[in-house]
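Keep the picture open as you read.

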Amino acid sequence: MPQTVKGVIARSKGADVELVDIVVPDPGPGEAVVQIQSCGVCHTDLHYREGGINDEFPFLLGHEAAGVVEAVGEGVTDVAPGDFVILNWRAVCGQCRACAKGKPWYCFNTHNAKQKMTLEDGTELSPALGIGAFIEKTLVAAGQCTKVDAEADAAAVGLLGCGVMAGFGAAVNTGGVGRGDSVAVIGCGGVGNAAIAGSAVAGATTIIAVDVDDRKLEGARAFGATHTVNGKDEDVVERIRELTGGFGADVVVEAVGRPETYEQAFYARDLAGTVVLVGVPTPDKEVTLPMIEIFGRGGALKSSWYGDCLPSRDFPMLVDLYRQGRFDLDAFVSERIGLGDIEGAFHKMERGEVLRSVVVL
């Protein structure tokens, strides 16, 4: 039988979010109903509320979540009722050209639940990133559920569902950071700090955090930054070169998504170094670079989609590192809030007061 539960929606562009009753169908073939235990308040949810993703209102917000599988539909074998799972928004198909090439983290045919959750009057909801987890229970494709250690704290490990995985993966998966590397990370929010922490786990010896907020720079040291650069006070490119023997960093992760910071990243890397763009730019942003500089510097200019992660591979590994005390996911949780506190959490995010507010149910 369909269930009616509480959830948070954005009804129209720019309007405050609302806590409403939502109807969740029974899972169909290939689907699962998950009882949500935690969901991080991510900047992407704010983009949805502001109409920055598309105009398919009303949106059921929330996507950075963990919970317990309550029921599964026909044909589901990878998860079962009672499993503790982290939700992901790129459930791989196993059949597209990327999957066929053995690169499922680039899957071009990711899938979501086919049924729609609705308001009580039958209005269909658009779930954020195909998940919609600011809700007591949500309906997803079973492939969006990754089983992990049930002893882990949901509020911490749920953040692997988006921002932390994006940052960690940008450094380690996309950038290929390894032992002895020098790394610079521009932008020290949740994603940037995850890139810093990932670089530390991977064995980088010089990790330079760049931001314009001294509070964020101080926080970055706790995640493993060995040096900090305030872009308001110093020439970012020159300072990174000074800290890397005059050469520039092996890997520069741009976690802002702005032309001026991308240009800094481009010039702050060593010859044959790698630039990784993980900050999400708005459609109007453009970058102009001399082609001779692109040619002459060699290396790679990459973008990172979801940290180029494979949830079935990366989520359990990172949860294990967390449980072993080697990857401090707890440090990303700034506060624990209820479903009714999400609008306030958006404002704290905009003011730069939190890394992550996490809804706990």
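Start with Ser182, which sits in strand 11 (residues 182–186); strands here are DSSP runs of E with at least two residues, helices are runs of H or I with at least four, and both are numbered from the N terminus. Ser182 counts as buried because its relative accessibility is 9%, and buried means under 20% relative accessible area with a 1.4 Å probe, protein chains only. Leaving out residues up to four places away in sequence, Ser182 touches Thr206, Thr244, Gly248, Ala249, Asp250 and Val251, where contact means heavy atoms within 4.5 Å.

A quick word on the source: this is a predicted model, where local features need pLDDT of at least 70 and side-chain atom pairs count only at pLDDT 80 or more, while totals for chains, interfaces and linings use all residues. Residues are numbered from 1 along each chain as its sequence is written, and side-chain values use heavy atoms, leaving out hydrogens and water.

Now for the nonpolar cores, which are sets of buried Ala, Val, Leu, Ile, Met, Phe, Trp, Tyr and Cys residues joined through side-chain atoms within 4.5 Å.

| Core | Size | Some members |
|---|---|---|
| Largest nonpolar core | 50 residues | including Leu160, Ile196, Val253, Phe327 and Leu329 |
| Second, separate core | 45 residues | including Val76, Ala113, Ile135 and Cys145 |

What does Leu329 contact, leaving aside neighbours within four places in sequence? Leu329 meets Ala156, Val157, Leu160, Val164 and Tyr322.
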